[in-house]
Amino acid sequence: MNLNIDKVGESILDIANDYVDKTTVELEATLEETADKILDYIRTNAPRSGKSNALADSFIKESYSSGLDKRIVIYSKTKGSLVHLIEFGFTHVGGKKIKGRPFMRPAYDKFAPEMIEKMKQIMEGKS
């Protein structure tokens, strides 16, 4: 049997590239799916005061880049200056304390561990 080292190297490189391409697509899909779940949770649990202009309805999801550099940001497009006050609470000028009503951190705490575990399985080839 005659083995060409160059062909073995090329074959290994092809296998590695196929793995990276497949894994990247699956990781992106998992990230998108988790971001959608988090956004739904936030929209469901954020305060609804403001009638047609409610805080809950102001949240959007934006994706940046792709592949292994992909990032997804979820934020309030129109009421960003209020979110931290509602999430963490605040004290009025007169001294009255308003308790926080967390809705963003619980969403992350609920869905991120599941996403990380799924991503580990994808990278290990168990998906």
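**Figure 1. Buried residues along helix H1, which include Thr23, Thr24, Leu27, Thr30, Leu31, Thr34, Ala35, Ile38, Leu39 and Ile42.** The model is a predicted one, in which local features are described only at a pLDDT of at least 70 and side-chain atom pairs only at 80 or more, whereas totals for chains, interfaces and linings draw on all residues. Residues are numbered from 1 along each chain as its sequence is written, and side-chain values rest on heavy atoms, without hydrogens or water. Helices (H or I, at least four residues) and strands (E, at least two) are DSSP runs numbered from the N terminus. Buried stands for under 20% relative accessible area, exposed for over 50% and partly exposed for what lies in between (1.4 Å probe, protein chains only). H1 has 41 residues and reaches 59 Å from its first C-alpha to its last. The cover over the buried residues of this helix includes S1, S2 and H3, where contact means heavy atoms within 4.5 Å.

Figure 2. Once residues up to four places away in sequence are set aside, Thr30 touches Met115, Lys118, Met119 and Ile122.

**Figure 3. The salt bridge between Glu28 and Lys70.** The closest N and O atoms of Glu28 and Lys70 are 3.8 Å apart, a salt bridge being a side-chain nitrogen of Lys or Arg within 4 Å of a carboxyl oxygen of Asp or Glu. Because Glu28 lies in helix H1 (residues 5-45) and Lys70 in the loop between strand S1 (59-64) and strand S2 (71-76), the pair ties together parts that are 42 residues apart in sequence. Glu28 is partly exposed, at 22% relative accessibility, whereas Lys70 is buried, with a relative accessible area of 16%.

**Figure 4. The salt bridge between Asp36 and Lys61.** In this pair the closest N and O atoms are 2.6 Å apart. Asp36 belongs to helix H1 and Lys61 to strand S1, so the bridge ties together parts that are 25 residues apart in sequence. Asp36 is partly exposed at 35% relative accessibility, and Lys61 is likewise partly exposed, at 25%. Asp36 and Lys61 also take part in a network of salt bridges that links them with Glu28, Glu32 and Lys70. The structure holds 10 salt bridges.

Figure 5. An α-helix has 3.6 residues a turn, so residues three or four places apart point the same way. Asp109 is partly exposed, with a relative accessibility of 41%.

**Figure 6. The largest cavity and its lining from H1 and H3.** The lining of the largest cavity is made up of Thr30, Glu33, Thr34, Lys37, Phe111, Glu114, Met115 and Lys118. H1 and H3 each supply at least two of the lining residues. Thr30, one of the residues in this lining, also touches Met115 and Lys118, among other residues.

**Figure 7. The largest pocket, with a lining that draws on H1, S2 and H3.** The residues that line the largest pocket are Leu31, Thr34, Ala35, Ile38, Ile42, Ile72, Val73, Ile74, Met104, Tyr108, Ala112 and Met115. The elements that give two or more residues to this lining are H1, S2 and H3, and H1 gives the most, with five residues. Leu31, Thr34, Ala35, Ile38 and Ile42, which belong to the lining, are also among the buried residues of H1.

**Figure 8. The second largest pocket, with helix H2 and strand S4 in its lining.** Pro47, Ser49, Leu55, Lys79, Leu82, Leu85, Ile86, Phe90, Ile98, Lys99 and Arg101 line the second largest pocket. H2 (80-88) and S4 (97-99) each supply at least two residues of the lining, and H2 gives the most, with three residues.

How values were computed. On a 1 Å grid over the protein atoms alone, a cavity is a set of points where a 1.4 Å probe fits but cannot get out, and a pocket is an open set with protein on both sides within 12 Å along at least five of seven lines; lining residues have an atom within 4 Å of a point. The expected span of a helix is 1.5 Å times one less than its number of residues.
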